[in-house]
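Subject: Handover of a structure and notes on what was found

Dear colleague,

Please find the structure below, followed by an account of what was found in it. I would be grateful if you kept it open while reading.

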Amino acid sequence: MAHATIYMGFTVPQLLRGASRIFPPHSALVVLRHSAFCYCTANSTIKSKRKMDHLERTANNFRQEVISQARVCGITNESETVKRLRLAIANKDFTFKAGQWVDFFIPGVSVVGGFSICSSPGLLEREGILELAVKHTVHPPAYWIHTECTLDSEVALRVGDLHGYQESKGNGYKMGTVKLYYSAKNTSELLFKKNILGLMNAFPGKITCRFHVTQQSSQICKELQPHVTEGRVSEKDLEKHVSKDTLWYICGPPPMIESISKLLSNIGVPRNCVFFEKWW
């Protein structure tokens, strides 16, 4: 089966030019658009040691044309450090595929956020709702979500991804088995664990998960105990799954991705069977 990858170039000013249609003409985003254009014109190569922001890092990646207003209709604490945001999408033409992210435009905040979508495309189709899980950091968009965002706050969203998502056109595909290794500091930081346990019960033998905790200080609840290992994911954990038919997907911060990629190489997994994205 052939895999098509499409790259489309968008610069920072182009992204902001689209966003300016969503907010009033004198909004902070319009001011940002002008300043970003001047900055990029004078600095075609960014030479400073400061950390690149989301728009700079993904400026040449695929973006959809649609930018939609969205209203915050739910805020819940997934853990002590992560909030789940429910957003009602205004534009009926706004769509996304699993694995894509959103550019997150906040009126009055000059920095544009980039957050992975944690809900399914089906939820958007059924209810017009999209969800994000955002960890508390000092990065302005994440900080705004944790300290200033309230119900009925309005933002704007635009979908992007690294490759330009293409639907598979293959026929006769049958679901194999999925084994998830999920590592966090402690069980309170294992987001969506109830959803994962529900999937394991719904698809016995097809979907399994092993939770790993590295700094657990409290007792692990009985429901999770059969599924939890204390300590990092190891070479021994993974080598039992090595086969010519196994595909490996890694998601996490760049140092973790690099560490697991090296581990998989050490146990003989071909590089073309390992998939990950490092975009932050």
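Gln100 counts as buried, because its relative accessibility is 2%; buried means under 20% relative accessible area, exposed over 50%, and partly exposed in between, with a 1.4 Å probe and protein chains only. Gln100 is placed in the loop between strand S2 (82–89) and strand S3 (101–105). Here helices (H or I, at least four residues) and strands (E, at least two) are DSSP runs, numbered from the N terminus. The side chain of Gln100 makes a polar contact with the side chain of Asp161, at 2.7 Å, and also reaches the backbone nitrogen of Lys97 at 2.7 Å. A polar contact is a pair of N or O atoms within 3.5 Å; within protein, one must be able to donate a hydrogen and the other to accept it, and residues adjacent in sequence count only if both atoms are side-chain atoms.

Please note that this is a predicted model, in which local features need pLDDT of at least 70 and side-chain atom pairs count only at pLDDT 80 or more, while totals for chains, interfaces and linings use all residues. Residues are numbered from 1 along each chain as its sequence is written, and side-chain values use heavy atoms, with hydrogens and water left out.

The chain as a whole

The protein chain has 8 helices and 11 strands. Of its 280 residues, 41% are buried. Among contacts between residues at least 6 apart in sequence, 67% join residues at least 24 apart; contact means heavy atoms within 4.5 Å.

The nonpolar cores

In soluble globular proteins, nonpolar side chains tend to be buried together. A nonpolar core is a set of buried Ala, Val, Leu, Ile, Met, Phe, Trp, Tyr and Cys residues joined through side-chain atoms within 4.5 Å. The largest such core here has 24 residues, and those with the most contacts inside it are Leu87, Phe104, Leu130, Leu132 and Leu157. At least two residues of this core come from each of strand S1 (62–77), S2, S3, strand S5 (129–135), H5 and S6. Leaving aside neighbours within four places in sequence, Leu157 is in contact with residues including Val66, Leu87, Phe94, Phe104 and Leu130. A second, separate core has 15 residues, among them Tyr182, Ala184, Phe211 and Val213.

Helix H5 also has a buried side: Pro141, Ala142, Trp144, Ile145 and His146 in this helix are buried. The elements that cover the buried residues of H5 include S2, S3, S4, S5 and S6.

The aromatic rings

The structure holds 4 aromatic pairs. Rings of Phe, Tyr and Trp (its six-membered ring) pair if their centres lie within 6.5 Å; planes under 30 degrees apart count as stacked, over 60 as edge-to-face and the rest as tilted. The rings of Phe104 and Phe115 have centres 5.5 Å apart and planes at 70 degrees, so this pair is edge-to-face. Because Phe104 lies in strand S3 and Phe115 in strand S4 (residues 113–116), the pair ties together parts that are 11 residues apart in sequence. Both Phe104 and Phe115 are buried.

The rings of Tyr182 and Phe211 have centres 5.8 Å apart and planes at 50 degrees, so this pair is tilted. Tyr182 belongs to strand S7 (residues 178–184) and Phe211 to strand S8 (residues 207–213), so the pair ties together parts that are 29 residues apart in sequence. Tyr182 is buried, with a relative accessible area of 18%, and Phe211 is buried at 0%. Ring pairs also link Phe104, Phe115 and Trp144 into a cluster.

Loop residues

Asn186 lies in the loop between S7 and H6 and is buried, with a relative accessible area of 16%. The side chain of Asn186 makes a polar contact with that of Ser188 (2.5 Å). Phe192 is found in this loop too, between S7 and helix H6 (193–202). Phi of Phe192 is near 60 degrees, a positive value in a residue other than glycine, and Phe192 counts as partly exposed at 23% relative accessibility.

Asp152 also has a positive phi, near 80 degrees. Its place is the loop between helix H5 (140–147) and strand S6 (154–161), and at 52% relative accessibility Asp152 counts as exposed.

Yours sincerely,

A colleague
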